Amino acid sequence: NSDNVLFAGEVAELDLAGTELETLAACDTGLGISVAGEGGLGLQRGFQIAGARNILMTLWAVEDQSLPEFLGRCYTKIRAGERASSAVWSTQAEGLREGAEKSLATAVWRAGAFTVLAQDAR
């Protein structure tokens with residue numbers, strides 16, 4: 001659209017059936033509002049409706065330098081055949097193990113920001 005803002009309704013109109021992983025690589029992309037009987041409504045819901053099998057998103061602000069490293073590790077694992085959800089979770093575990101040596105709080109803050117809405121059954 002012309003306002004440079006992407007809305008869940010616009011995404012829901014796309015055909016994303018068969019896409020393995022949609023990555024919402026920005027701060028707070030997994031947030032939304034909670035509606036009784038509906039669950040969380042936000043940008044991720046549009047991707048879900050459009051047919052994305054897995055949606056990688058963030059629950060809070062992420063550092064510019066840690067985002068590409070995290071995503072690079074995930075994508076490498078996916079290209080090697082690992083399921084998207086498993087790739088995210090194992091990358092988080094690695095980040096926690098590696099970062100805990102320096103600062104557990106920082107490691108949790110960096111790795112914990114990522115979550116995956118997994119719908120892959122394979």
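This report describes helix packing, nonpolar cores and selected residues in a predicted model.

Angles over 145 degrees count as roughly antiparallel.

On the α4 side, the contact is made by Gln92, Gly95, Leu96, Gly99 and Ala100. On the α5 side, Leu104, Ala107, Val108, Ala111 and Gly112 meet them. Six residues of this contact are nonpolar, four are polar and none is charged.

The second pair is α3 with α4. The angle here is about 135°, and the axes are 9 Å apart. These two helices are therefore oblique to each other. The crossing of α3 and α4 is right-handed.

From α3, the residues in contact are Phe70, Arg73, Cys74, Lys77 and Ile78. They meet Ala84, Ala87, Val88, Ser90, Thr91, Gln92, Glu94, Gly95 and Glu98 of α4. This contact divides into six nonpolar, four polar and four charged residues.

The table sets out the geometry of both pairs.

| Helix pair | Angle between axes | Distance between axes |
|---|---|---|
| α3 and α4 | about 135° | 9 Å |

Gln92 and Gly95 of α4 meet residues in α5, and Gln92 and Gly95 also meet residues in α3.

## Nonpolar cores

In soluble globular proteins, nonpolar side chains tend to be buried together. Which residues form the largest nonpolar core here? There are 12: Leu21, Leu56, Val62, Leu67, Phe70, Leu71, Cys74, Ala84, Val88, Ala113, Phe114 and Val116. Three elements each supply at least two residues of this core: α3 (66-79), α4 and β5 (114-118). Helix α3 gives the most, with four residues.

Phe70 belongs to this core. Leaving aside neighbours within four places in sequence, Phe70 is in contact with Val88, Thr91, Gln92 and Phe114. Another core, of eight residues, lies apart from the largest one. Leu16, Leu24, Ala52 and Ile55 are among its residues.

## Thr91 in helix α4

Thr91 is found in helix α4. Is Thr91 buried or exposed? Thr91 has 2% relative accessibility and so counts as buried. Beyond its neighbours within four places in sequence, Thr91 is in contact with Phe70, Arg73, Cys74 and Lys77.

## Leu24 and Asp28 in one loop

Leu24 is found in the loop between β1 and β2. Asp28 is found in the loop between β1 (22-23) and β2 (33-35).

Leu24 has 9% relative accessibility, so it counts as buried. Not counting residues up to four places away in sequence, Leu24 touches Thr29, Leu43, Gln44, Phe47, Ile55, Leu56, Met57 and Thr58. Leu24 and Ala113 are 89 residues apart along the chain, and 12 Å separates their C-alpha atoms.

Asp28 has 36% relative accessibility and therefore counts as partly exposed. Leaving aside neighbours within four places in sequence, Asp28 is in contact with Thr58, Leu59, Trp60 and Ala61. Thr58 is also touched by Leu24. Phi of Asp28 is near 60°, a positive value in a residue other than glycine. Asp28 and Val108 are 80 residues apart in sequence and 16 Å apart in space, C-alpha to C-alpha.

Helix α2 spans residues 43-50. Within α2, the residues Gln44, Arg45, Gly46, Phe47 and Ala50 are buried. Two of these, Gln44 and Phe47, are touched by Leu24. Gly51 follows α2 and has a positive phi, near 110°.

Thr106 lies in helix α5. At 31% relative accessibility, Thr106 counts as partly exposed. Thr106 and Leu96 are 10 residues apart in sequence, with their C-alpha atoms 8.9 Å apart in space. Leu96 is one of the α4 residues in contact with α5.

Technical notes: Residues numbered from 1 in each chain as written. Predicted model: local features only at pLDDT ≥ 70, side-chain atom pairs only at ≥ 80, totals over all residues. Heavy atoms only, no water. Contact = heavy atoms within 4.5 Å. Nonpolar A, V, L, I, M, F, W, Y, C, P; charged D, E, K, R; others polar. Buried < 20%, exposed > 50% of the residue type's maximum accessible area, 1.4 Å probe, protein only. Core = buried A, V, L, I, M, F, W, Y, C linked by side-chain atoms within 4.5 Å. Axes fitted to C-alpha atoms, helices over the stretch in contact; angles between N-to-C directions. Parallel < 35°, antiparallel > 145°, perpendicular 65-115°, else oblique. Left-handed = near helix turned anticlockwise from the far one by under 90°.
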